[in-house]
Amino acid sequence: AGVSGGTALAALPAEQRALASRLGLGGDAAPRFRITVSLDEALLGAATPEAGGDVGAEVATGLRRLAGLGEVLLLAHAGSDAGEDAWRAALSRAGVLGEATAEDGTPSDAIPAHRVLFYERPEGKQAFVRQVAPQLHVDGDEATLDTLARFVPNMLQVGPTGGRSAGRWRCFASLGEALSGEDRGGCGEGCCGGGDGGAPAS
């Protein structure tokens with residue numbers, strides 16, 4: 001059994017504590033939170049490394065901020081070994097990958113390479129998330145979020161949205177916006193419960 005989310009929060013520095021609270025992390029949790037992030041085109045804001053794109057600085061910074069809260073697992077589509085290699089190379093260039101523990105023994109904000117998980121079909125990604133049971137899942141695909149809504153207590157949609165969440169998750173234009181706590185601008189009626197960017201309806 002895990003310790004309470006309050007214990008996990010209390011162990012974090014003040015800035016990270018505020019970020020965790022803003023993301024809705026709390027309740028029952030391990031000593032550090034578990035977070036899954038789907039690295040799709042919507043979240044990257046560009047083509048994926050498998051398709052010749054790269055991981056931008058804003059996304060890299062956001063991933064490291066999340067890693068400061070606990071165990072982050074990155075989910076990426078790859079249809080071949082070459083695709084997996086392209087992802088690892090891009091994440092390394094962006095400064096995302098590294099040792100989970102700093103030289104002084106304290107947790108770092110890097111993500112170990114073995115926490116990058118690859119899938120070929122959306123069902124594989126969904127199965128990964130259900131298996132690891134995160135406290136937070138970040139994704140750009142509405143169909144995936146709709147499937148996982150029964151199993152994950154907190155979810156964020158990053159990127160364009162068709163507004164199907166009905167308040168079950170929060171929508172943001174970018175990962176940086178999601179972590180800053182700013183409401184999604186210009187979202188329109190029906191987006192994440194009316195586009196307020198706030199907590200899901202109870």
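Colleague: How many helices and how many strands does the protein have?
Modeller: This is a predicted model, in which local features need pLDDT of at least 70 and side-chain atom pairs count only at pLDDT 80 or more, while totals for chains, interfaces and linings use all residues. Residues are numbered from 1 along each chain as its sequence is written, and side-chain values use heavy atoms, with hydrogens and water left out. Helices (H or I, at least four residues) and strands (E, at least two) are DSSP runs numbered from the N terminus. On that basis, the protein has nine helices and six strands.

Colleague: What is the order of the six strands in the open sheet?
Modeller: Strands of a sheet pair through backbone hydrogen bonds, either parallel or antiparallel. Two strands are taken to pair if DSSP finds at least two bridges between them. In this open sheet the pairing is parallel, and the six strands follow the order S3-S2-S1-S4-S5-S6.

Colleague: Which strands stand at the edges of that sheet?
Modeller: An edge strand here has a single partner strand, so one side of it is left without a neighbour in the sheet. This applies to the strand of residues 116–119 and to that of residues 170–172, which are S3 and S6.

Colleague: By what angle are neighbouring strands of this sheet turned against each other on average?
Modeller: Axes are lines fitted to C-alpha atoms, for helices over the stretch in contact, and angles run from 0 to 180 degrees between N-to-C directions. For neighbouring strands of this sheet the direction is ignored, and the average turn is 20°.

Colleague: Which residue of S3 stands opposite Leu74?
Modeller: Strand S2, residues 70–77, pairs with S3 in the parallel sense over four bridges. Opposite Leu74, the residue in S3 is Val116.

Colleague: Which helix packs on the sheet by touching S2 and S3?
Modeller: Contact means heavy atoms within 4.5 Å. Helix H4, residues 57–67, touches S1, S2 and S4, and its direction makes about 140° with that of S2. The helix of residues 81–93 touches S2 and S3, and its direction makes about 150° with that of S3; this is H5.

Colleague: Is Arg64 buried or partly exposed?
Modeller: Arg64 lies in helix H4, and, leaving aside its neighbours within four places in sequence, it is in contact with Gly95, Val96, Asp109 and Ala110. Arg64 and Val96 are 32 residues apart in sequence, yet 6.4 Å apart in space, C-alpha to C-alpha. With a relative accessibility of 26%, Arg64 counts as partly exposed.

Colleague: Which residue in S5 is the bridge partner of Asp139?
Modeller: S4 and S5 run parallel and are joined by three bridges. Both faces of S5 are covered, with Met155 and Gln157 buried on one side and Leu156 and Val158 buried on the other. In S5, the bridge partner of Asp139 is Gln157.

Colleague: With which side chain does the side chain of Glu142 make a polar contact?
Modeller: A polar contact is a pair of N or O atoms within 3.5 Å; within protein, one must be able to donate a hydrogen and the other to accept it, and residues adjacent in sequence count only if both atoms are side-chain atoms. Glu142 is found in helix H7, residues 142–148, and is buried, with a relative accessible area of 9%. At 3.4 Å, its side chain makes a polar contact with the side chain of Gln157.

Colleague: What is the phi of Ala133?
Modeller: Most residues other than glycine have a negative phi. Ala133, found in the loop between H6 and S4, is partly exposed, with a relative accessible area of 46%. Its phi is positive, near 50°.

Technical notes:
Buried < 20%, exposed > 50% of the residue type's maximum accessible area, 1.4 Å probe, protein only.
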